[in-house]
Amino acid sequence: MVATDSLLMALSNLDALPGQETQVQRALQETIEGPNRKDTFGNVYFGDLEAKKKKVALYAHMDEVGFFVHQITEDGFVYFYPIGGWWGHVVLGQQVRATCRKNGAVLEGVVGTLPKASHNMNDVVSISEMYIDFGVHSKAELEAAGLQIGDMILPNTQAKKSFNQEKVIGKALDNRVACTIMAQVKNQVQTKKIELIGVATVQEEAGTRGSKVAASQVDGDINIVIDVANGKDTPKAAEVPNRIQGDGPGLVLADKTALGNLKLLDYCREIAEKKNIPWQYDLLGGGGTDAGSVQLFAGKPTLVVCIPVRYCHSWNSIVKISDIEATIELLSAVVRSFDEGGIDFEQF
């Protein structure tokens, strides 16, 4: 069994722009035991979709926010297009890596810092005006290396533990945290009365597209969408600190795309309290998740479980390992209770 922190760091170091999720697809297929299949859109399903038993589905999206090559100038500078939400302040001067889909080559560069004379220093520079310097002299040099329009560009980082060993620092924790949790639960929990389906979706950051395809393939009787959101326990992040690291997973009342099933939420809360697993209420007022697509497919009970992560959609995010472990423990207990207790799913 792979340690949770090691698995998360390995997944964090992979690159998976929406629509180019191959690296994470392969890693999960190698990590999660049992049968799996990939659909034509790129979603990967772990478990028996044809099972006649009740199905409990755990969703986690594989993709991350990033960029792709938009234009290569004749003198070798690369302009890039953002996928997902980015704030210009976190981009300038950062190291990036581009993966050439033609030959698999990885090219490292830096987002150029623009000269002071060209911008008001109090303004956020538009990403459309930024460029990447790969240290070359011409477009031909980049093309010879394999770079072309559409190739993915992502933060050039390597995941690591904090000095106190309590947290993981790395890119793409949105949503490799959830992929880690889904993989660990799927490997650790064996069921007989129900079928546990792990669903690794694509293109969530580009409009929750993968889950729109996956929901009909799975048709889960109970759906739990695992995701992350910005912790509000840092200085001046919120008037009332919430989504606190160390306080466990958040049981989400609502996001912009879905209302949480309150009966299912209460059921999870009761199990957490019975087993002394930390938890907290959450509300994702600023964004949506795969839950909207899943819930609206057939109206089946759906809940988002959210892990606090600091500095999402940036070069380096931070998550507390104990929150991940608590989520694995809670979801494992919930799935086992469905399997062992003969739960009437109609109660939700």
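**Buried contacts, aromatic pairs and helix packing**

Phe134 makes contact, defined as heavy atoms within 4.5 Å, with Val78, Ala98, Leu107, Glu108, Gly109, Leu142 and Leu147, residues up to four places away in sequence being left out of the count. The structure is a predicted model, in which local features require pLDDT of at least 70 and side-chain atom pairs count only at pLDDT 80 or more, whereas totals for chains, interfaces and linings use all residues. Residues are numbered from 1 along each chain as its sequence is written, and side-chain values use heavy atoms, with hydrogens and water left out.

Phe134 belongs to the loop between strand S8 (132–133) and helix H3 (139–145); helices (H or I, at least four residues) and strands (E, at least two) are DSSP runs numbered from the N terminus. With a relative accessibility of 11%, Phe134 counts as buried (buried is under 20% relative accessible area, exposed over 50%, and partly exposed in between, for a 1.4 Å probe and protein chains only). Ala98, one of the residues touched by Phe134, lies 36 residues from Phe134 along the chain, and the two C-alpha atoms are separated by 9.6 Å.

Ile224, in strand S13 (residues 222–230), is likewise buried, at 0% relative accessibility. Beyond residues up to four places away in sequence, Ile224 touches Ala57, Leu58, Tyr59, Leu303, Val305, Leu331 and Val334.

The axes of H6 and H8 are 10 Å apart and meet at an angle of about 110°, where axes are lines fitted to C-alpha atoms over the stretch in contact and angles run from 0 to 180 degrees between N-to-C directions. H6 is therefore roughly perpendicular to H8 (65 to 115 degrees; under 35 is roughly parallel, over 145 roughly antiparallel, and the rest oblique).

Phe67 and Trp315 form a tilted pair, 6.2 Å from centre to centre and with 35° between the planes. This pair links distant parts of the chain, 248 residues apart: Phe67 is in strand S4 (residues 66–72), and Trp315 is in the loop between strand S16 (302–310) and strand S17 (317–320). Phe67 is buried at 1% relative accessible area, and Trp315 is buried at 4%. A second pair, Tyr267 with Phe348, is edge-to-face because the planes stand at 80°, with the ring centres 5.3 Å apart. Tyr267 lies in helix H6 (residues 262–274) and Phe348 in the segment after helix H8 (321–341), so this pair ties together parts 81 residues apart in sequence. Both Tyr267 and Phe348 are buried. Phe67 and Trp315 also belong to one aromatic cluster together with Phe80 and Trp86.

Helix H1 (residues 4–12) is largely enclosed by the rest of the structure, because seven of its nine residues are buried. The buried residues of H1 are Thr4, Asp5, Leu7, Leu8, Met9, Leu11 and Ser12. These residues pack against helix H2 (22–31), strand S10 (160–161), strand S11 (167–170), H4, S17 and H8. On the side of helix H4 (residues 173–188), Thr180 touches Thr4, Leu7, Leu8 and Leu11, again without counting residues up to four places away in sequence. Thr180 is buried, at 0% relative accessibility.

The search of the whole structure found zero disulfides, a disulfide being a pair of cysteine sulfur atoms within 2.5 Å. The cysteine sulfur closest to that of Cys179 belongs to Cys312 and is 14 Å away, too far for a bond. Cys179 is buried at 0% relative accessibility, and Cys100 is buried at 1%.

Several backbone features complete the description. Most residues other than glycine have a negative phi, and most peptide bonds are trans. Asp174 and Asn175 are joined by a cis peptide bond, with omega about 25°, and Asn175 lies in helix H4. Gln165, in the loop between S10 and S11, is not a glycine but has a positive phi of about 70°. His313, in the loop between S16 and S17, also has a positive phi, near 55°. Gln165 is partly exposed at 46% relative accessible area, and His313 is partly exposed at 25%.

How values were computed: Rings of Phe, Tyr and Trp (its six-membered ring) pair if their centres lie within 6.5 Å; planes under 30 degrees apart count as stacked, over 60 as edge-to-face and the rest as tilted.
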